[in-house]
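Hello,

I am handing over a structure for you to look at. Please open it first, then read my notes below.

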Amino acid sequence: MPRITCLAGVLLLFVVSRPAPADEPSFSVHVMAVLSKAGCNMGTCHGNASGKGGFKLSLRGEDPAFDYDALTRDLAARRIDRLTPEESLILRKPTGKLAHEGGVRFQPDWPEYETLRDWIAAGAPGPRDNEPRAVALEVTPSEQVVPAPEDAAPLRVTAVMSNGERRDVTRMAVYEPSNLAVEVDRDGLVRRIDFSETTVIARFLHLQAPAWIAFVPERPDFTWKAPPPANRIDELIFAKMRSLRIRPSPICDDHIFLRRAFFDLLGVPPTVEEAKAFLADDAPHKREVLIDRLLARPEFAEHWALKWSDVLRNEEKVLDQKGVAAYHGWIRDSIARGKPMDQFVRELVTARGSTYENPPANYYRANRDAFTRAETTARLFLGVRLQCARCHNHPFDRWTQDDYYSWAALFSRIDYKIVENKRRDDLDKHEFVGEQIVLIKEEGEVENPRTGQTAAPKLLGAETPKLAAEDDRLAPLGEWLASPDNRLFAQVQANFVWYHLMGRGL
């Protein structure tokens with residue numbers, strides 16, 4: 001019996017490690033792509049946390065090894081038939097030959113069917129470490145404007161493999177439009193339903209890439225007419241409006257400009273005297289002069305400190321009355337003094353000490369655990385929403401579950417010394433009333449539930465400096481977060497201002 005077991009092990013090792021023929025479908029590339037294309041591993045189907053019909057796959061194919069076991073070994077290996085591949089459950093159910101709650105997913109003459117059949121006929125080989133992997137994804141054209149009467153635009157998706165090969169995966173990519181103004185067929189043809197701008201995400205395996213498409217009316221009589229651009233922002237906006245065949249509105253008159261400037265910058269209307277003085281002024285650059293004057297007024301700092309207090313959770317429920325006042329005062333004074341944004345954020349994320357004596361420490365008083373700190377910091381200062389990656393790889397972004405827990409590990413050693421808590425009873429709306437000390441412990445880690453191992457602290461999408469066990473993790477975080485090389489930081493800060501001025505983010 002031991003000899004038989006040993007022989008079986010040698011044969012299994014041979015099957016797993018032998019080189020794959022050039023025309024043999026790869027499980028990690030071809031079969032996993034079919035499962036995604038057919039929608040099998042979506043959250044509404046077998047990618048659900050509990051699976052469907054006793055069959056569970058990893059969500060969006062994030063774990064090929066798990067999926068291979070589910071297909072070839074689960075349910076007494078009944079899902080595939082190596083002797084008669086066409087009789088395999090994974091071919092008969094999605095083609096409608098057997099009852100399938102998910103309905104027909106592909107036809108026998110489609111590439112999806114052929115890929116699964118050929119893979120089973122080849123012996124259903126599993127993932128191999130030595131096979132080429134997809135390392136990058138390209139969508140062409142990445143941007144296009146489609147004027148009527150044209151109502152469709154094709155996309156081409158190319159996967160770049162680890163061996164340098166470029167594969168056309170247009171047919172096997174999954175397409176997800178950002179709105180209902182278009183529909184995309186299986187071959188990547190985008191059809192117009194309504195005139196609109198749309199971003200289509202093309203996904204192949206673990207990679208995704210966006211394509212921006214705008215369907216616009218024909219407007220045969222369109223001619224470009226616009227005021228001279230006053231700055232670089234005007235140049236960019238006018239270029240896009242021209243491509244969309246949209247004329248800019250005329251420059252607003254002094255009455256409208258004055259009111260908008262006061263409300264946007266100060267949050268208050270001009271007085272009668274201020275309005276009369278501005279309207280009577282004939283100076284050619286009076287608008288620029290007005291803006292500079294408004295930026296220097298104390299109401300500007302008060303108005304924008306209120307906006308920052310909202311996003312930083314400067315509220316009595318999580319702080320207390322004295323903490324709110326100290327925190328707001330620090331934010332207001334930072335704006336009034338013209339503190340650079342990189343310095344402002346760096347002081348926030350590296351803060352510690354008394355929440356009364358060092359007000360930016362309230363940033364961590366309001367975010368009480370490593371995961372909340374990680375998600376909040378990524379959202380506010382990188383424009384990245386990481387919540388999805390806490391349970392699985394992010395479905396619409398490049399962040400993985402490993403990225404999430406390594407990022408959270410940067411915040412895992414923050415702790416609190418509660419000097420006093422004057423909260424009266426459980427009905428008190430405040431969680432704490434009293435001074436707290438934000439401090440850094442010498443221990444404390446985050447466990448990655450996918451691996452069961454301690455997550456190594458890493459910056460989000462960037463090279464992380466080597467950290468010894470006793471090193472401060474917040475210092476390198478602060479240096480990188482607001483560094484000139486961090487485009488995400490610059491983009492999200494510009495978007496924050498744009499949203500408050502225009503009512504809608506970029």
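How many aromatic pairs does the structure hold? The structure holds 17 of them. Keep in mind that this is a predicted model.

**Aromatic pairs**

Start with F27 and Y68. Their ring centres are 5.2 Å apart and their planes stand at 80 degrees, so this pair is edge-to-face. F27 belongs to helix α2 (residues 27-37) and Y68 to helix α3 (residues 64-72), so the pair ties together parts that are 41 residues apart in sequence. Are F27 and Y68 buried or exposed? Both F27 and Y68 are buried.

Next, look at W407 and W480. They also form an edge-to-face pair, with 6.2 Å from centre to centre and 75 degrees between the planes. W407 sits in helix α16 (residues 401-409) and W480 in helix α17 (residues 474-481), so this pair links parts that are 73 residues apart in sequence. W407 and W480 are both buried.

Ring pairs join F300, W304, W308, W330, F344 and F496.

Now turn to helix α8 (residues 254-265) and helix α11 (residues 298-311). Their axes come within 8 Å and cross at roughly 60 degrees. The two helices are therefore oblique to each other. Which residues make the contact? From α8 come F263, D264 and L265. From α11 come E299, F300, H303 and W304. Sorted by class, the contact has four nonpolar, one polar and two charged residues.

**R332**

R332 is in helix α12 (residues 321-336). Its relative accessibility is 26%, so R332 counts as partly exposed. R332 and H303 are 29 residues apart in sequence, yet 8.6 Å apart in space, C-alpha to C-alpha. Which residues does R332 touch, leaving aside its neighbours within four places in sequence? R332 is in contact with A301, E302 and A305.

**The three-stranded sheet**

Three strands form an open sheet in the order β1-β4-β5. The pairing is antiparallel. At the edges are β1 (134-140) and β5 (166-168), each pairing on one side only. From one strand to the next, the twist averages 25 degrees.

Take the pairings in turn. β1 and β4 run antiparallel and are joined by six bridges. Within that pairing, T140 stands opposite R156 of β4. Strand β4 (residues 156-161) also pairs with β5, in the antiparallel sense, over three bridges. A159 has R167 in β5 as its bridge partner.

How covered is β4? Mostly: five of its six residues are buried. The hairpin of β4 and β5 has four residues between the strands. In this hairpin, G164 takes a positive phi near 90 degrees.

**The four-stranded sheet**

A further open sheet has four strands, in the order β2-β10-β9-β6. Its pairing is mixed. Which strands stand at the edges? They are β2 (143-147) and β6 (174-177). Each has a single partner strand, so one side of each is left without a neighbour in the sheet. The twist here averages 25 degrees from one strand to the next.

β6 and strand β9 (residues 196-204) run antiparallel, joined by four bridges. Y175 has its bridge partner in β9, and that partner is A202.

**Where to look first**

Begin with the buried pair W407 and W480. Then go to the place where α8 and α11 cross at roughly 60 degrees. Finish with the sheet β1-β4-β5 and the sheet β2-β10-β9-β6.

Best wishes

Conventions: Residues numbered from 1 in each chain as written. Predicted model: local features only at pLDDT ≥ 70, side-chain atom pairs only at ≥ 80, totals over all residues. Heavy atoms only, no water. Axes fitted to C-alpha atoms, helices over the stretch in contact; angles between N-to-C directions. Parallel < 35°, antiparallel > 145°, perpendicular 65-115°, else oblique. Contact = heavy atoms within 4.5 Å. Nonpolar A, V, L, I, M, F, W, Y, C, P; charged D, E, K, R; others polar. Pairing = 2+ DSSP bridges. Phe/Tyr/Trp six-rings, centres within 6.5 Å; stacked < 30°, edge-to-face > 60°. Buried < 20%, exposed > 50% of the residue type's maximum accessible area, 1.4 Å probe, protein only.
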